[in-house]
Amino acid sequence: MLDNSKFSSRTQVTKDERKIIAGYEININSIGVAQKILQRELHIPLTNDKELMKKKVSAIIESSIFFEKLRINKLVRNALKVIIVTFSLIRAESAFSQTQLDSIIDKRDDTKLSQKKSTSEINRSLITESEYIVPEKVMIAFGEIVDPGMIGTPAGGYFKRNFLDSQGKQDLFYKKLVYFGYIQKDVERFKSYFQDGNIVFSENELEKEHFSDILVHERLHKGIDNLSKKDKKVLNEARNFILNDFRQKEIQWSNDTDSLFVLLQEGKISQQEYEIKSKEVVLKTNPILLDTEGTTSGLIPVLRNNEEFYTYLMMNKFQSQVIDYVKNNFPNSYKIFEELKNKIQYQIQKKK
Ligand SMILES: [Zn+2]
């Protein structure tokens, strides 16, 4: 899904930015914001080495310097952690999430080069009607125009509507592509891809082992979008109930976890004690929705954008109690979800 975000450079993390990272502001690319904060406040250069980047950022997040410098609360801290830990997942989650860390221009040996080629070929064969692959530079040009706040290279996504929705944007797209050497006919063709419910990916995504994961993810968004009004309503009943349950219980536990955080900052409890105790506080309220770790930190993308509920359910990012709950309490929602999921997974299996 595509989000637009524009940010001026500031020297402090603002209240709004905190809210965004914590997942309480929808329609804004919180991942981009988080990364900008990391870059701006902590001067962490974005490297192409994803593993190194993860280690660096995790170390900083764990250290007390991080808290002091950003004066952040635990919600933000968890959000940042999740961003780093589930980087690949988040990439699949947003149309223009950050792939910069992933696009490693590494020194592959010849064996790996041929292997890379075959992965790319296999992945390309999965592409079907209304799905397109564009050169990386075309995807970047598009991303720069419709999502100027973006850091990194966009992977692609599901394009429900035309994001080049003004003459100015279209002219700019044209100008950029002509600069790359494309003729008008090519520009028109590329332009026609990024709309009408098409799914478009950057060519370099094909080289990735997990390409089929991001493909099924975007196909599910599309599948849900194409449901009849009635089916969509039925499907969303389960989602809304579970998310409401979570938000209500979150209010119950937030005071308790905040006071634990104060104790941690004052050095009265250790980091480990803090983590154990906060988890206990959350579990006591018994929310239906928990991530596979039994915590809430893996839920940020879903809380940020409820359209990610079923995509995350499909990717098994929740505890099994979530799917059981849907199945037992919302059988009609479950049926629609299962049908969509099976259809999408069958499409992939058939081609593999
Ligand atoms: Zn998504």
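Analyst: Happy to: what follows starts with the sheet, moves to the helix packed on it, and then visits some other parts of the chain. Please keep in mind that this is a predicted model.

First, some background. The protein chain has 17 helices and three strands. Buried residues make up 35% of its 352 residues. Of the contacts in the protein chain with a separation of 6 or more, 75% are between residues 24 or more positions apart.

The three strands form an open sheet with mixed pairing, and their order is 1-3-2. Strand 1 (131-134) and strand 2 (156-159) are the edge strands, each pairing on one side only. On average, and with direction ignored, neighbouring strands of this sheet are turned by 20° against each other.

How do the pairings of strand 3 look in detail? Strand 1 and strand 3 run parallel and are joined by four bridges. Strand 2 pairs with strand 3 (residues 198-202) in the antiparallel sense, also over four bridges.

Is strand 3 enclosed or open to the outside? Strand 3 is largely enclosed by the rest of the structure, because four of its five residues are buried.

Part of what surrounds the sheet is helix 11. Helix 11 (residues 211-225) packs on the sheet and touches strand 2 and strand 3. The direction of helix 11 makes about 10° with that of strand 2. The helix has 15 residues and reaches 21 Å from its first C-alpha to its last, close to the 21 Å expected at 1.5 Å a residue. Helix 11 is also mostly covered, with 11 of its 15 residues buried. Among the buried ones are Phe211, Ile214, Leu215, Val216, Leu220 and Ile224. The buried residues of helix 11 also include His217, Glu218, Arg219, His221 and Lys222.

Serine 130 lies in the loop between helix 7 (110-126) and strand 1. Serine 130 has a positive phi of about 65°, although it is not a glycine. For context, most residues other than glycine have a negative phi. Serine 130 counts as partly exposed because 14 other C-beta atoms lie within 10 Å.

Asparagine 316 sits in the loop between helix 15 (309-314) and helix 16 (320-329). With 11 other C-beta atoms within 10 Å, asparagine 316 is exposed.

Two further loop residues are worth a stop. Phenylalanine 180 is found in the loop between helix 9 (167-179) and helix 10 (184-193). Because it has 13 other C-beta atoms within 10 Å, phenylalanine 180 is partly exposed. Phenylalanine 180 and valine 138 are 42 residues apart along the chain, and their C-alpha atoms are separated by 8.8 Å.

Proline 287 is the other one, in the loop between helix 13 (271-285) and helix 14 (300-304). Proline 287 counts as buried because it has 22 C-beta neighbours inside 10 Å. Leaving aside neighbours within four places in sequence, proline 287 is in contact with Asp245, Phe246 and Lys249. Proline 287 and valine 322, 35 residues apart in sequence, are 9.7 Å apart in space from C-alpha to C-alpha.

Helix 12 (residues 229-265) packs with helix 17 (residues 331-351) at an angle of about 110°, with their axes 8 Å apart. Helix 12 is therefore roughly perpendicular to helix 17. Their crossing is left-handed. At this meeting, Asp231, Val234, Leu235, Glu237 and Ala238 in helix 12 meet Asn332, Ser333, Ile336 and Phe337 in helix 17.

Terms used. Residues are numbered from 1 along each chain as its sequence is written. This is a predicted model: local features need pLDDT of at least 70, side-chain atom pairs count only at pLDDT 80 or more; totals for chains, interfaces and linings use all residues. Two strands pair if DSSP finds at least two bridges between them. Helices (H or I, at least four residues) and strands (E, at least two) are DSSP runs, numbered from the N terminus. Axes are lines fitted to C-alpha atoms, for helices over the stretch in contact, and angles run from 0 to 180 degrees between N-to-C directions. Two residues are in contact if their C-beta atoms, placed from the backbone, lie within 7 Å. The expected span of a helix is 1.5 Å times one less than its number of residues. A residue is buried if 20 or more other C-beta atoms lie within 10 Å of its own, exposed if 12 or fewer, and partly exposed in between; C-beta atoms are placed from the backbone. Angles under 35 degrees count as roughly parallel, over 145 as roughly antiparallel, 65 to 115 as roughly perpendicular and the rest as oblique. A crossing is left-handed if the near helix is turned anticlockwise from the far one by less than a right angle, and right-handed if clockwise.
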